[in-house]
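The sequence and coordinates come next, followed by the discussion.

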Amino acid sequence: MTITKTRQKHGNENIIHIIRFRRNEENLVADLIEKKYSNWKLVYQNFGLDSAVLSFEKAPLEYN
């Protein structure tokens, strides 16, 4: 599993975290989402045969 952190501008800078993981890491990712990203907005998802990508976004005023 890898997490890429970036900023994207939509009028103001939003925080984007991109999570790439293999199918055998789904339980780890589910725990991570529940703990860290439960109040973030899911903005992109792509599931392949053996891997997946999820992107979560949080506006700067909400970012801790």
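Rings of Phe, Tyr and Trp (its six-membered ring) are taken as a pair if their centres lie within 6.5 Å; planes under 30 degrees apart make the pair stacked, and planes over 60 make it edge-to-face. The model discussed here is predicted.

**Aromatic pairs**

A search of the whole structure gives two aromatic pairs. A pair of aromatic rings is described by the distance of the centres and the angle of the planes. The table lists these values.

| Pair | Geometry | Centre to centre | Angle between planes |
|---|---|---|---|
| Tyr37 and Trp40 | edge-to-face | 5.0 Å | 85° |
| Tyr37 and Phe56 | stacked | 5.1 Å | 20° |

Together, Tyr37, Trp40 and Phe56 make up one aromatic cluster. Leaving aside neighbours within four places in sequence, Tyr37 has contacts with Ile3, His17, Ile19, Leu32 and Phe56.

**Nonpolar core**

Which residues form the largest nonpolar core? This core has nine residues, namely Ile15, Ile19, Phe21, Val29, Tyr37, Trp40, Ala52, Leu54 and Phe56. Strand S2 (12-22) and strand S4 each contribute at least two residues to this core. In soluble globular proteins, nonpolar side chains tend to be buried together.

**Chain layout and strand pairing**

The protein chain contains one helix and four strands, and along the sequence these follow the pattern β-β-α-β-β. Strands S3 and S4 run antiparallel and are joined by six bridges. A hairpin of three residues connects S3 to S4. Within this pairing, Phe47 stands opposite Ala52 in S4. Ala52 is also one of the residues of the largest nonpolar core. Among contacts between residues at least 6 apart in sequence, 45% join residues at least 24 apart.

Is Ser55 buried or exposed? Ser55 counts as buried because its relative accessible area is 7%, and buried means under 20%. Ser55 is placed in strand S4. Not counting residues up to four places away in sequence, Ser55 touches His17, Ile18, Lys41, Leu42, Val43 and Tyr44. His17 is also among the residues in contact with Tyr37.

Leu28 is located in helix H1. Leu28 counts as exposed because its relative accessibility is 52%, and exposed means over 50%. Leu28 and Met1 are 27 residues apart in sequence, and their C-alpha atoms are 8.7 Å apart in space.

**Surface and confidence**

Of the 64 residues in the protein chain, 27% are buried. The accessible surface of the protein chain is about 4700 Å², and carbon and sulfur atoms account for 48% of this area.

The protein chain has an average pLDDT of 85, with 81% of the residues scoring at least 70. Confidence is highest in H1, at a mean of 93, and lowest in strand S1 (residues 2-10), at a mean of 80. Where pLDDT is low, the predicted coordinates should not be read in detail.

Terms used
Residues numbered from 1 in each chain as written. Heavy atoms only, no water. Buried < 20%, exposed > 50% of the residue type's maximum accessible area, 1.4 Å probe, protein only. Contact = heavy atoms within 4.5 Å. Core = buried A, V, L, I, M, F, W, Y, C linked by side-chain atoms within 4.5 Å. pLDDT = per-residue confidence, 0-100. Pairing = 2+ DSSP bridges. Areas by Shrake-Rupley, 256 points an atom, 1.4 Å probe, with all protein chains shown as cover.
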